[in-house]
Amino acid sequence: MDSGILFRGAKVDAEGPLVDLLVRDGRIVSAAAGEGVPSTEDSPSPESTPSQEGLRLIELDGRVVLPGFIESHMHLDKAFLEERRPNLSGTLQDVIAITLGLKKSVTNKDIRERSERTLRLLVRHGATRLRAQVEVDPIVGLKGMEATLELREACAGIADIQIVVFPQEGIEQQPGTEELMREAMRMGGDAVGGIPYNDTDPERHLDIVFGLAAEFGCGIDLHIDFSDDPGECVIESVARRTGASGLEGKVVVAHLTSLGAMDGERAARVIGAIAKAEITVIPLPATDLFLNGRDGDPPPASGGSPGCANSSPPG
Ligand SMILES: [Zn+2]
């Protein structure tokens, strides 16, 4: 057991007194309000000073202490690529095209270095758990998986990383991707990713994703849609599939920008289906506000949206 660290004067409650936190072996072993050292059996006596007992003392002076933040959607393998080739148009299409071009030349070492650089930034800003979308396809192969698995192991004491096996380039339109996803899951993926809007047939894409989730007994994390057009949504299909597969509480959808373009009645129905299926929605405004609405078309008028192929209520 190490001697520990005493964080003195931590604010853990907006209304309550400041607290002294004693940390040993990476865990908070006691917390005591007010001045002094916690009076656990193996702590220093109240009269002694922490330094005399070999404790490292850190004065917080009322700074707020919180549990580590969770970064729920992160692309470690694509981080800092903008430095190499900026996306001057700012469109989603160019983001995907530029990244695809760069992806052809990346190495395991390169992915590992950029991923670690990103992880260090995250931890420095308080995030200690993150879910990484790791691209797997015939272009990059399993390099991203290898690099992220290495990073996960090397940084196990600093941050917990969940890996989503992510087919950014589509599954059917990039033959070989499904088998690579299967291999990535065997290597240590935690959830099956998907991107129905970037494939030849979104419903077929979902067939494969839900099939892989059943095969590996895991959850799903989808880039569900990236559209200002409610006609391009598949969220209702995903809600139906989630219920039918017994995956309530294990499906995550990100972006879902089509929801903002729906009329109120339809949006309420979709939100109800999402709630019933216990789907987690991760809005990503930093990306969506930057990339969406670039064509200058206004969103559809309320009550006049074109609807989508799967607009019937979920069964
Ligand atoms: Zn993403």
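Figure 1. Of the 315 residues of the chain, 36% count as buried (20 or more other C-beta atoms within 10 Å of the residue's own, C-beta atoms being placed from the backbone). The model is predicted: local features require pLDDT of at least 70 and side-chain atom pairs pLDDT 80 or more, whereas totals for chains, interfaces and linings use all residues. Residues are numbered from 1 along each chain as its sequence is written. Among contacts (C-beta atoms within 7 Å) between residues at least 6 apart in sequence, 73% join residues at least 24 apart.

Figure 2. Neighbours within four places in sequence aside, Val238 is in contact with Leu206, Leu222, Ile224, Val251 and Val253.

**Figure 3. The contact of helices H4 and H5.** Helices are DSSP runs of H or I with at least four residues, numbered from the N terminus. The axes (lines fitted to C-alpha atoms over the stretch in contact, with angles from 0 to 180 degrees between N-to-C directions) of H4 (residues 177–187) and H5 (residues 202–216) come within 11 Å and cross at roughly 30°. H4 and H5 are therefore roughly parallel to each other (angles under 35 degrees). Glu178, Met181, Arg182 and Met185 of H4 and Ile208, Leu212 and Phe216 of H5 make the contact.

Terms used
Two residues are in contact if their C-beta atoms, placed from the backbone, lie within 7 Å. Helices (H or I, at least four residues) and strands (E, at least two) are DSSP runs, numbered from the N terminus. Angles under 35 degrees count as roughly parallel, over 145 as roughly antiparallel, 65 to 115 as roughly perpendicular and the rest as oblique. A residue is buried if 20 or more other C-beta atoms lie within 10 Å of its own, exposed if 12 or fewer, and partly exposed in between; C-beta atoms are placed from the backbone.
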